[in-house]
Amino acid sequence: MKKRLQYFILCPGDRLLDIPCNVCGDRSSGKHYGIYSCDGCSGFFKRSIHRNRVYTCKAGGEMKGRCPVDKTHRNQCRACRLAKCFHANMNKDGKQHSYRSRYLQHGR
Ligand SMILES: [Zn+2]
Ligand SMILES: [Zn+2]
């Protein structure tokens, strides 16, 4: 019974890395669209890009476009979530910019 654990540990792959989603901070499931992201955000991004969705932020005043996008709030505003996807260098071509973006993150 204990042997099974070894397979988990030895099994290579991004899924075991404890890297947070660059968009919402939830645990990522590896690289999607060039950045580490969770299934929720990568799926959301995919749907948005695929259907050319344009979302509108419902917040008003100073908070417009600045909704919190984290594990608990990520579903509340799709406009801000998608904006954050782009801000985190998510791109529909996937791997192309992954190396660059990793360095660019430190430049700000
Ligand atoms: Zn996420
Ligand atoms: Zn918003």
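Two residues are in contact if their C-beta atoms, placed from the backbone, lie within 7 Å. By that criterion, and leaving aside neighbours within four places in sequence, cysteine 85 is in contact with Val23, Cys41, Phe45 and Met90. The model is predicted. The secondary structure of the protein chain consists of four helices and two strands, arranged along the sequence in the pattern α-β-β-α-α-α.

- The protein chain has 108 residues, of which 26% count as buried.
- Among contacts between residues at least 6 apart in sequence, 41% join residues at least 24 apart.
- The average pLDDT of the protein chain is 81, and 70% of the residues score at least 70.

**Nonpolar core**

- In soluble globular proteins, nonpolar side chains tend to be buried together.
- The largest nonpolar core in this model comprises 18 residues, and the members that touch the most others are Cys21, Val23, Cys24, Cys41, Phe45, Cys85 and Met90.
- Strand 2, helix 2 and helix 3 each contribute at least two residues to this core.
- The contacts of cysteine 85 with Val23, Cys41, Phe45 and Met90 link residues that are all named among those core members touching the most others.

**Helix 3 and its surroundings**

- Helix 3 spans residues 78-87, and its buried residues are Arg78, Cys80, Arg81, Leu82, Lys84 and Cys85.
- These buried residues of helix 3 pack against helix 2, which covers residues 39-50.
- Asparagine 89, with a positive phi near 70°, follows helix 3.

**Residues with positive phi**

- Most residues other than glycine have a negative phi.
- Tyrosine 33 has a positive phi, near 55°, although the residue is not a glycine.
- Tyrosine 33 is found in the loop between strand 1 (31-32) and strand 2 (35-36).
- Tyrosine 33 is buried because 22 other C-beta atoms lie within 10 Å, and the cut-off for burial is 20 or more.
- Asparagine 89 is likewise not a glycine and has a positive phi, about 70°.
- The loop that holds asparagine 89 runs between helix 3 (78-87) and helix 4 (98-104).
- Asparagine 89 counts as partly exposed because it has 17 C-beta neighbours inside 10 Å, a count between the limits of 12 or fewer for exposed and 20 or more for buried.

Note on methods
Residues numbered from 1 in each chain as written. Chains lettered and ligands numbered in written order. Predicted model: local features only at pLDDT ≥ 70, side-chain atom pairs only at ≥ 80, totals over all residues. pLDDT = per-residue confidence, 0-100. Core = buried A, V, L, I, M, F, W, Y, C linked by C-beta atoms within 7 Å.
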